[in-house]
Amino acid sequence: SIESRALAYVDKEAYKDYLDWQKYLAKHPDSKCKPIMLDYLYTRSYYAGRSFAGNAKQAFDYFYGNAKQRYGDYTSLYDQALLALVFQRNGDSKLAREMVERIRQKALYTDEMGMYWRDNKAGWFFYQCPVETQALLIETFREVTPQDTLSVAQMQQWLLKQKQTTRWNSDIATLRAIQALMPVGGKEKWVPAKGSDKIVVKGKA
């Protein structure tokens with residue numbers, strides 16, 4: 001399938017990155033993994049039961065081991081959220097909860113804006129996208145601390161406020177925001193506003 005071929009390609013590229021990283025470590029031995037390596041762990045966390053292509057398991061084990069050893073070095077919201085999900089999906093739920101607590105300690109809250117983070121700002125890097133990052137944080141809280149529906153609702157409030165006061169600035173941001181706003185499980189409830197609001201795509205409701 002296309003999905004299987006894509007996953008095999010990602011595995012092979014990850015192994016190439018691993019080999020390049022070993023050369024880099026020879027000159028910079030005290031280095032943590034790059035964000036793209038965390039993205040590989042995150043991607044792979046959706047396919048826990050799938051076999052690895054070629055020698056990719058060696059790369060995965062190294063990147064995962066490095067992340068567990070150096071998790072305290074990752075300070076960005078994006079990286080911390082990714083790590084929490086990766087740890088949770090690989091059976092290290094204690095570490096995952098610790099990452100969520102680190103994230104929570106930096107959160108701000110107001111009645112108007114809900115729950116948000118001051119350092120969740122737009123930047124030049126691909127992971128510095130406030131709406132997508134907030135959506136990732138919602139995914140993280142839902143999965144790692146599913147009982148904390150209040151925090152999820154407060155984070156969703158911030159997403160809606162962004163749409164009201166500014167905009168979701170890309171198609172990807174819009175998709176991620178809608179996914180984050182949809183209720184999951186039996187505990188979350190979507191309460192529609194009164195009126196005639198509707199979603200319109202290419203002029204069609």
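**Close-up views of a predicted model**

**View 1. The hairpin of strands β1 and β2.** In strand β2, M115 is the bridge partner of Y109. The model shown here and in the other views is predicted. Strand β1 covers residues 107-110 and strand β2 covers residues 114-117; the two run antiparallel and are joined by four bridges. Three residues lie between the strands of this hairpin.

**View 2. The whole protein chain, for orientation.** The chain has eight helices and two strands. Read from the N terminus, the order of elements is α-α-α-α-α-β-β-α-α-α. Of the 205 residues, 40% are buried. Among contacts with a separation of 6 or more, 63% are between residues 24 or more positions apart. The accessible surface is about 12,500 Å², and carbon and sulfur atoms account for 55% of this surface.

**View 3. The largest nonpolar core.** This core contains 52 residues. Those with the most contacts inside the core are L41, F63, L83, F87, W117, F141 and L159. The element that gives the most to the core is helix α4 (residues 77-89), with nine residues.

**View 4. The surroundings of W117.** Leaving aside residues up to four places away in sequence, W117 touches L77, I103, K106, A107, Q134, L137, F141 and M155. W117 and F141 are also among the residues with the most contacts inside the largest nonpolar core.

View 5. K57 is partly exposed, with a relative accessible area of 40%. D61 is also partly exposed, at 40% relative accessibility.

**View 6. The salt bridge between R70 and D73.** The closest N and O atoms of R70 and D73 are 2.5 Å apart. R70 is buried, with a relative accessible area of 17%, whereas D73 is partly exposed at 33%.

**View 7. The salt bridge between K161 and E112.** The two side chains meet at 3.6 Å, N to O. This pair links distant parts of the chain: K161 is in helix α7 (residues 149-165), E112 is in the loop between β1 and β2, and the two are 49 residues apart. K161 counts as buried, at 15% relative accessibility, whereas E112 is exposed, with a relative accessible area of 53%.

**View 8. A network of salt bridges.** R89, E139, E143 and R176 are linked in this network. The structure as a whole holds 13 salt bridges.

Technical notes:
Residues are numbered from 1 along each chain as its sequence is written. This is a predicted model: local features need pLDDT of at least 70, side-chain atom pairs count only at pLDDT 80 or more; totals for chains, interfaces and linings use all residues. Side-chain values use heavy atoms; hydrogens and water are left out. Buried means under 20% relative accessible area, exposed over 50%, partly exposed in between (1.4 Å probe, protein chains only). Contact means heavy atoms within 4.5 Å. Accessible areas come from the Shrake-Rupley method with a 1.4 Å probe; for residues, only the protein chains shown count as cover. A nonpolar core is a set of buried Ala, Val, Leu, Ile, Met, Phe, Trp, Tyr and Cys residues joined through side-chain atoms within 4.5 Å. Two strands pair if DSSP finds at least two bridges between them. A salt bridge is a side-chain nitrogen of Lys or Arg within 4 Å of a carboxyl oxygen of Asp or Glu.
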